[in-house]
Amino acid sequence: MATADGGASFLTRVFDTARGNYIALAGVVSVGIGIALLRQLVSGGVCRSNVRLKGKFAIVTGANTGIGKETAKDLAVRGARVLLACRDPLKGAAAADDIFRTTGQRLMVKTLDLANLDSVRQFAKDINDEEPKLDILVNNAGVMMCPKMLSKQGYELQFATNHLGHFLLTNLLLGLIQRSAPSRIIVVSSGIYKRGDINFDDINSEKEYNPYAAYAQSKVANILFSNELAKKLKGTGVTVNSLHPGVIASDLTRHVEDRVPGVLRFLIKPLYLLVQVLAFKTVQQGAQTSICCAVAEELEGVTGKYFSDCTQTKLLPHATDEDAARRLWRLSEEMTGLVTGADNSGKSSKTKSDLVESNSEDKKTERQETVTKSGSKQTTV
(Lines give C-alpha, C1' and ligand atoms only; values in the text may rest on other atoms or scores of the structure.)
Protein backbone atom coordinates (compact mmCIF):
# COMPACT_ATOMS: atom_id res chain seq x y z
CA MET A 1 0.00 0.00 0.00
CA ALA A 2 2.82 2.34 0.99
CA THR A 3 4.62 1.45 -2.20
CA ALA A 4 1.53 2.25 -4.27
CA ASP A 5 1.06 5.57 -2.48
CA GLY A 6 4.72 6.40 -2.99
CA GLY A 7 4.46 5.62 -6.70
CA ALA A 8 1.38 7.81 -7.05
CA SER A 9 3.11 10.63 -5.19
CA PHE A 10 6.14 10.34 -7.48
CA LEU A 11 3.98 10.45 -10.60
CA THR A 12 2.12 13.45 -9.21
CA ARG A 13 5.39 15.30 -8.69
CA VAL A 14 6.53 14.39 -12.20
CA PHE A 15 3.28 15.64 -13.72
CA ASP A 16 3.38 18.84 -11.62
CA THR A 17 6.96 19.49 -12.69
CA ALA A 18 6.12 18.83 -16.34
CA ARG A 19 3.11 21.10 -16.12
CA GLY A 20 5.21 23.83 -14.51
CA ASN A 21 7.87 23.49 -17.20
CA TYR A 22 5.19 23.57 -19.87
CA ILE A 23 3.73 26.78 -18.46
CA ALA A 24 7.21 28.30 -18.22
CA LEU A 25 8.00 27.20 -21.79
CA ALA A 26 4.69 28.58 -23.02
CA GLY A 27 5.49 31.85 -21.28
CA VAL A 28 8.92 32.06 -22.89
CA VAL A 29 7.47 31.24 -26.31
CA SER A 30 4.75 33.88 -25.87
CA VAL A 31 7.29 36.52 -24.88
CA GLY A 32 9.46 35.56 -27.84
CA ILE A 33 6.54 35.80 -30.25
CA GLY A 34 5.55 39.14 -28.72
CA ILE A 35 9.07 40.52 -29.14
CA ALA A 36 9.23 39.25 -32.73
CA LEU A 37 5.90 40.87 -33.56
CA LEU A 38 6.98 44.13 -31.91
CA ARG A 39 10.26 44.14 -33.85
CA GLN A 40 8.34 43.45 -37.06
CA LEU A 41 5.98 46.33 -36.26
CA VAL A 42 8.72 48.89 -35.60
CA SER A 43 10.99 47.75 -38.46
CA GLY A 44 8.93 49.72 -40.98
CA GLY A 45 8.95 49.49 -44.76
CA VAL A 46 11.67 48.04 -46.94
CA CYS A 47 12.94 49.36 -50.26
CA ARG A 48 12.16 46.58 -52.73
CA SER A 49 13.82 48.18 -55.74
CA ASN A 50 16.61 46.28 -57.48
CA VAL A 51 17.56 49.21 -59.69
CA ARG A 52 21.22 49.61 -60.61
CA LEU A 53 22.91 53.01 -60.43
CA LYS A 54 25.90 52.51 -62.71
CA GLY A 55 27.07 55.87 -64.04
CA LYS A 56 25.23 57.82 -61.32
CA PHE A 57 26.91 60.16 -58.83
CA ALA A 58 25.48 60.62 -55.34
CA ILE A 59 26.34 62.77 -52.33
CA VAL A 60 25.17 61.85 -48.83
CA THR A 61 25.75 64.34 -46.02
CA GLY A 62 26.53 63.10 -42.53
CA ALA A 63 27.43 59.71 -43.97
CA ASN A 64 30.15 58.64 -41.56
CA THR A 65 27.62 56.99 -39.24
CA GLY A 66 23.99 55.97 -38.76
CA ILE A 67 21.45 55.97 -41.56
CA GLY A 68 23.65 58.21 -43.69
CA LYS A 69 26.36 55.57 -43.79
CA GLU A 70 23.82 52.84 -44.55
CA THR A 71 22.26 54.93 -47.33
CA ALA A 72 25.66 55.60 -48.89
CA LYS A 73 26.56 51.92 -48.63
CA ASP A 74 23.37 50.86 -50.42
CA LEU A 75 23.83 53.37 -53.23
CA ALA A 76 27.44 52.24 -53.70
CA VAL A 77 26.45 48.56 -53.84
CA ARG A 78 24.00 49.48 -56.60
CA GLY A 79 26.91 50.82 -58.64
CA ALA A 80 26.81 54.56 -57.98
CA ARG A 81 29.87 56.69 -57.33
CA VAL A 82 29.21 57.93 -53.80
CA LEU A 83 30.77 60.80 -51.89
CA LEU A 84 30.53 60.92 -48.10
CA ALA A 85 30.19 64.56 -47.04
CA CYS A 86 31.34 64.63 -43.41
CA ARG A 87 32.32 67.23 -40.84
CA ASP A 88 35.15 65.01 -39.61
CA PRO A 89 37.19 63.67 -42.57
CA LEU A 90 38.90 61.05 -40.38
CA LYS A 91 35.56 59.57 -39.33
CA GLY A 92 34.44 59.77 -42.94
CA ALA A 93 37.53 57.89 -44.08
CA ALA A 94 36.94 55.24 -41.41
CA ALA A 95 33.34 54.80 -42.61
CA ALA A 96 34.46 54.54 -46.25
CA ASP A 97 37.10 51.98 -45.27
CA ASP A 98 34.51 49.94 -43.36
CA ILE A 99 32.14 49.98 -46.34
CA PHE A 100 35.00 48.88 -48.63
CA ARG A 101 35.86 45.95 -46.35
CA THR A 102 32.26 44.70 -46.32
CA THR A 103 31.25 45.44 -49.91
CA GLY A 104 34.39 45.97 -51.99
CA GLN A 105 33.01 49.37 -53.05
CA ARG A 106 35.29 52.41 -52.85
CA LEU A 107 33.71 55.69 -51.76
CA MET A 108 35.02 59.24 -51.76
CA VAL A 109 35.20 61.44 -48.67
CA LYS A 110 35.08 65.21 -48.54
CA THR A 111 34.95 67.66 -45.65
CA LEU A 112 31.64 69.46 -45.14
CA ASP A 113 30.74 71.36 -41.97
CA LEU A 114 27.12 72.37 -42.36
CA ALA A 115 27.39 74.65 -39.32
CA ASN A 116 29.94 76.76 -41.20
CA LEU A 117 28.63 78.46 -44.33
CA ASP A 118 32.19 79.05 -45.53
CA SER A 119 32.74 75.28 -45.50
CA VAL A 120 29.48 74.77 -47.39
CA ARG A 121 30.53 77.26 -50.07
CA GLN A 122 33.97 75.69 -50.47
CA PHE A 123 32.47 72.19 -50.68
CA ALA A 124 29.95 73.28 -53.32
CA LYS A 125 32.63 75.11 -55.31
CA ASP A 126 34.82 72.01 -55.39
CA ILE A 127 31.94 69.79 -56.48
CA ASN A 128 30.88 72.20 -59.21
CA ASP A 129 34.50 72.46 -60.42
CA GLU A 130 35.29 68.75 -60.29
CA GLU A 131 32.09 66.87 -61.10
CA PRO A 132 30.22 66.86 -64.43
CA LYS A 133 26.94 65.71 -62.86
CA LEU A 134 25.07 65.08 -59.60
CA ASP A 135 22.21 62.61 -59.82
CA ILE A 136 21.29 62.13 -56.15
CA LEU A 137 21.72 64.50 -53.21
CA VAL A 138 20.71 63.13 -49.81
CA ASN A 139 20.53 65.88 -47.19
CA ASN A 140 20.90 63.54 -44.23
CA ALA A 141 23.22 65.17 -41.68
CA GLY A 142 21.80 66.60 -38.50
CA VAL A 143 22.22 67.35 -34.83
CA MET A 144 19.53 66.60 -32.26
CA MET A 145 18.51 68.37 -29.05
CA CYS A 146 21.98 69.64 -28.22
CA PRO A 147 22.76 72.26 -25.54
CA LYS A 148 22.57 75.89 -26.70
CA MET A 149 25.41 76.38 -29.17
CA LEU A 150 26.00 78.67 -32.11
CA SER A 151 27.25 78.03 -35.62
CA LYS A 152 30.33 79.71 -37.12
CA GLN A 153 28.09 82.53 -38.36
CA GLY A 154 26.37 82.91 -34.99
CA TYR A 155 23.11 81.05 -35.65
CA GLU A 156 21.46 78.51 -33.34
CA LEU A 157 23.26 75.25 -34.08
CA GLN A 158 20.31 72.94 -34.82
CA PHE A 159 18.64 75.40 -37.20
CA ALA A 160 22.01 76.19 -38.79
CA THR A 161 23.08 72.58 -39.29
CA ASN A 162 19.80 70.86 -40.03
CA HIS A 163 18.30 73.57 -42.24
CA LEU A 164 20.50 76.53 -43.22
CA GLY A 165 23.54 74.47 -44.20
CA HIS A 166 21.48 72.16 -46.39
CA PHE A 167 19.51 75.08 -47.82
CA LEU A 168 22.71 76.78 -49.00
CA LEU A 169 24.36 73.55 -50.16
CA THR A 170 21.37 72.50 -52.25
CA ASN A 171 21.01 75.91 -53.88
CA LEU A 172 24.72 76.12 -54.71
CA LEU A 173 24.60 72.66 -56.34
CA LEU A 174 21.28 73.21 -58.06
CA GLY A 175 22.71 74.03 -61.49
CA LEU A 176 24.68 70.79 -61.52
CA ILE A 177 21.67 68.81 -60.32
CA GLN A 178 19.41 70.33 -62.98
CA ARG A 179 21.92 69.53 -65.73
CA SER A 180 21.83 65.91 -64.52
CA ALA A 181 18.03 65.53 -64.74
CA PRO A 182 16.27 63.28 -64.09
CA SER A 183 17.80 63.71 -60.65
CA ARG A 184 16.64 63.57 -57.05
CA ILE A 185 17.02 65.61 -53.86
CA ILE A 186 16.10 63.86 -50.63
CA VAL A 187 15.66 65.79 -47.38
CA VAL A 188 15.72 63.79 -44.14
CA SER A 189 13.29 65.37 -41.67
CA SER A 190 11.55 63.75 -38.70
CA GLY A 191 8.10 62.96 -37.39
CA ILE A 192 8.95 65.35 -34.55
CA TYR A 193 7.87 68.12 -36.94
CA LYS A 194 4.34 67.44 -35.67
CA ARG A 195 5.26 69.11 -32.38
CA GLY A 196 7.16 72.04 -33.88
CA ASP A 197 6.67 75.26 -35.77
CA ILE A 198 8.77 78.08 -37.19
CA ASN A 199 9.23 80.84 -34.61
CA PHE A 200 9.84 83.75 -36.96
CA ASP A 201 9.92 86.15 -34.00
CA ASP A 202 12.86 84.28 -32.45
CA ILE A 203 14.30 82.15 -35.23
CA ASN A 204 17.68 82.07 -33.50
CA SER A 205 16.26 81.06 -30.09
CA GLU A 206 17.81 84.11 -28.45
CA LYS A 207 14.85 84.94 -26.21
CA GLU A 208 14.43 81.37 -25.02
CA TYR A 209 16.17 78.13 -25.89
CA ASN A 210 14.52 74.74 -25.60
CA PRO A 211 16.53 71.91 -27.22
CA TYR A 212 13.39 69.97 -28.11
CA ALA A 213 11.59 72.97 -29.63
CA ALA A 214 14.69 74.02 -31.57
CA TYR A 215 15.06 70.53 -33.03
CA ALA A 216 11.38 70.36 -33.95
CA GLN A 217 11.62 73.80 -35.60
CA SER A 218 14.54 72.64 -37.75
CA LYS A 219 12.57 69.57 -38.85
CA VAL A 220 9.57 71.70 -39.87
CA ALA A 221 12.03 73.87 -41.80
CA ASN A 222 13.31 70.78 -43.65
CA ILE A 223 9.82 69.99 -44.89
CA LEU A 224 8.86 73.56 -45.81
CA PHE A 225 12.15 73.92 -47.71
CA SER A 226 11.60 70.64 -49.54
CA ASN A 227 8.06 71.59 -50.52
CA GLU A 228 9.01 75.08 -51.72
CA LEU A 229 12.00 73.81 -53.69
CA ALA A 230 9.82 71.17 -55.34
CA LYS A 231 7.47 73.94 -56.51
CA LYS A 232 10.36 76.00 -57.88
CA LEU A 233 11.77 73.00 -59.76
CA LYS A 234 8.48 71.75 -61.20
CA GLY A 235 8.97 70.64 -64.78
CA THR A 236 12.78 70.55 -64.62
CA GLY A 237 13.12 66.80 -64.11
CA VAL A 238 14.47 67.31 -60.59
CA THR A 239 12.33 65.85 -57.80
CA VAL A 240 12.48 66.88 -54.15
CA ASN A 241 10.96 64.85 -51.33
CA SER A 242 11.27 64.82 -47.54
CA LEU A 243 10.93 61.91 -45.13
CA HIS A 244 10.72 60.57 -41.60
CA PRO A 245 13.24 57.74 -41.11
CA GLY A 246 11.66 56.46 -37.89
CA VAL A 247 12.89 56.22 -34.31
CA ILE A 248 16.37 54.78 -34.68
CA ALA A 249 19.02 53.39 -32.36
CA SER A 250 21.90 55.64 -33.41
CA ASP A 251 24.33 58.14 -31.90
CA LEU A 252 22.08 61.03 -32.98
CA THR A 253 20.48 60.79 -29.53
CA ARG A 254 23.80 61.33 -27.72
CA HIS A 255 22.87 64.86 -26.59
CA VAL A 256 19.57 63.60 -25.20
CA GLU A 257 21.41 61.07 -23.07
CA ASP A 258 23.95 63.68 -21.96
CA ARG A 259 21.17 65.78 -20.44
CA VAL A 260 20.30 63.04 -17.95
CA PRO A 261 22.19 63.45 -14.60
CA GLY A 262 25.08 61.02 -14.19
CA VAL A 263 23.69 58.76 -11.47
CA LEU A 264 20.23 58.63 -13.01
CA ARG A 265 21.75 57.94 -16.42
CA PHE A 266 23.63 54.99 -14.94
CA LEU A 267 20.45 53.63 -13.39
CA ILE A 268 18.21 53.95 -16.45
CA LYS A 269 20.81 53.01 -19.08
CA PRO A 270 19.89 49.29 -19.03
CA LEU A 271 16.20 50.14 -19.43
CA TYR A 272 17.01 52.57 -22.27
CA LEU A 273 19.08 49.90 -24.04
CA LEU A 274 16.21 47.42 -23.66
CA VAL A 275 13.77 49.94 -25.16
CA GLN A 276 16.20 50.49 -28.05
CA VAL A 277 16.36 46.76 -28.75
CA LEU A 278 12.58 46.30 -28.55
CA ALA A 279 11.12 49.50 -29.98
CA PHE A 280 13.76 51.31 -32.09
CA LYS A 281 14.71 50.67 -35.69
CA THR A 282 18.22 49.56 -36.53
CA VAL A 283 20.20 51.93 -38.76
CA GLN A 284 19.69 49.51 -41.65
CA GLN A 285 15.92 49.69 -41.16
CA GLY A 286 16.03 53.45 -40.64
CA ALA A 287 17.83 54.00 -43.94
CA GLN A 288 15.17 52.24 -46.02
CA THR A 289 12.97 55.29 -46.67
CA SER A 290 15.95 57.42 -47.72
CA ILE A 291 17.06 54.65 -50.08
CA CYS A 292 13.53 54.27 -51.42
CA CYS A 293 13.22 57.99 -52.18
CA ALA A 294 16.62 57.92 -53.88
CA VAL A 295 16.16 54.91 -56.15
CA ALA A 296 12.59 53.56 -56.38
CA GLU A 297 11.43 53.48 -60.01
CA GLU A 298 7.82 54.14 -59.02
CA LEU A 299 8.85 57.51 -57.55
CA GLU A 300 10.18 58.81 -60.86
CA GLY A 301 8.56 62.22 -61.29
CA VAL A 302 7.03 62.21 -57.79
CA THR A 303 7.95 65.47 -56.05
CA GLY A 304 6.96 67.68 -53.12
CA LYS A 305 5.85 64.70 -51.02
CA TYR A 306 6.63 63.36 -47.55
CA PHE A 307 7.41 59.71 -46.87
CA SER A 308 7.51 57.43 -43.85
CA ASP A 309 8.24 53.69 -43.92
CA CYS A 310 8.71 53.91 -47.70
CA THR A 311 5.14 55.15 -48.08
CA GLN A 312 3.82 58.59 -48.99
CA THR A 313 2.29 60.13 -45.86
CA LYS A 314 0.00 63.11 -45.38
CA LEU A 315 1.50 66.12 -43.61
CA LEU A 316 -0.15 68.21 -40.93
CA PRO A 317 -1.39 71.63 -42.14
CA HIS A 318 1.43 73.70 -40.60
CA ALA A 319 3.99 71.74 -42.65
CA THR A 320 2.17 72.55 -45.90
CA ASP A 321 1.73 76.28 -45.20
CA GLU A 322 2.82 77.91 -48.45
CA ASP A 323 3.05 81.40 -46.94
CA ALA A 324 5.33 80.09 -44.18
CA ALA A 325 7.43 78.23 -46.76
CA ARG A 326 7.93 81.37 -48.86
CA ARG A 327 8.74 83.44 -45.79
CA LEU A 328 11.23 80.84 -44.56
CA TRP A 329 12.85 80.78 -48.00
CA ARG A 330 13.37 84.56 -47.98
CA LEU A 331 14.74 84.48 -44.45
CA SER A 332 17.07 81.57 -45.30
CA GLU A 333 18.39 83.48 -48.31
CA GLU A 334 19.23 86.42 -46.07
CA MET A 335 20.79 84.32 -43.31
CA THR A 336 22.99 82.37 -45.74
CA GLY A 337 23.89 85.36 -47.91
CA LEU A 338 22.21 83.88 -50.96
CA VAL A 339 20.11 86.99 -51.71
CA THR A 340 20.99 89.25 -54.62
CA GLY A 341 23.27 92.05 -53.53
CA ALA A 342 24.21 90.41 -50.22
CA ASP A 343 27.74 89.54 -49.18
CA ASN A 344 28.28 86.17 -50.83
CA SER A 345 31.22 85.13 -48.65
CA GLY A 346 29.16 82.86 -46.45
CA LYS A 347 27.08 85.15 -44.27
CA SER A 348 24.43 87.69 -45.05
CA SER A 349 25.63 91.27 -44.87
CA LYS A 350 22.66 91.92 -42.60
CA THR A 351 23.09 91.71 -38.84
CA LYS A 352 20.84 89.62 -36.61
CA SER A 353 18.99 92.76 -35.58
CA ASP A 354 18.50 93.59 -39.26
CA LEU A 355 17.05 90.12 -39.76
CA VAL A 356 14.64 90.61 -36.87
CA GLU A 357 13.53 93.92 -38.39
CA SER A 358 13.18 92.22 -41.77
CA ASN A 359 10.98 89.56 -40.19
CA SER A 360 8.80 92.29 -38.69
CA GLU A 361 8.48 93.91 -42.11
CA ASP A 362 7.57 90.51 -43.59
CA LYS A 363 4.82 90.12 -41.02
CA LYS A 364 3.54 93.62 -41.74
CA THR A 365 3.58 92.96 -45.49
CA GLU A 366 1.75 89.66 -45.04
CA ARG A 367 -0.94 91.35 -42.96
CA GLN A 368 -1.34 94.01 -45.66
CA GLU A 369 -1.55 91.32 -48.35
CA THR A 370 -4.22 89.54 -46.33
CA VAL A 371 -6.25 92.73 -46.12
CA THR A 372 -5.78 93.32 -49.84
CA LYS A 373 -6.93 89.76 -50.61
CA SER A 374 -9.62 89.88 -48.36
CA GLY A 375 38.93 74.70 -46.86
CA SER A 376 38.27 71.29 -48.07
CA LYS A 377 40.18 68.11 -48.80
CA GLN A 378 39.01 65.16 -50.86
CA THR A 379 40.30 61.62 -50.49
CA THR A 380 39.40 58.27 -52.00
CA VAL A 381 39.47 55.35 -49.57
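The largest nonpolar core of this predicted model comprises 35 residues, and Leu 75, Val 82, Leu 84 and Leu 107 have the most contacts inside it. A nonpolar core is here a set of buried Ala, Val, Leu, Ile, Met, Phe, Trp, Tyr and Cys residues joined through side-chain atoms within 4.5 Å, where buried means under 20% relative accessible area with a 1.4 Å probe, protein chains only. Among the elements that each supply at least two residues of this core are strand S1 (57-61), helix H2 (66-77) and strand S2 (81-86). Helix H11 gives the most, with 5 residues. Helices (H or I, at least four residues) and strands (E, at least two) are DSSP runs numbered from the N terminus. Val 82 touches Ala 58, Val 60, Ala 72, Leu 75, Ala 76, Leu 107 and Met 108, residues up to four places away in sequence not being counted; contact means heavy atoms within 4.5 Å. A second, separate core of 31 residues includes Phe 123, Leu 176, Ile 185 and Val 240.

The axes of helix H5 (residues 157-172) and helix H7 (residues 211-232) come within 7 Å and cross at roughly 20 degrees. H5 is therefore roughly parallel to H7, a term for angles under 35 degrees. Axes are lines fitted to C-alpha atoms over the stretch in contact, and angles run from 0 to 180 degrees between N-to-C directions. Residues making the contact include Phe 159 and His 163 of H5 and Tyr 215 and Phe 225 of H7.

Residues are numbered from 1 along each chain as its sequence is written. Local features need pLDDT of at least 70, side-chain atom pairs count only at pLDDT 80 or more, totals for chains, interfaces and linings use all residues, and side-chain values use heavy atoms, with hydrogens and water left out.

Technical notes
Parallel < 35°, antiparallel > 145°, perpendicular 65-115°, else oblique. Buried < 20%, exposed > 50% of the residue type's maximum accessible area, 1.4 Å probe, protein only.
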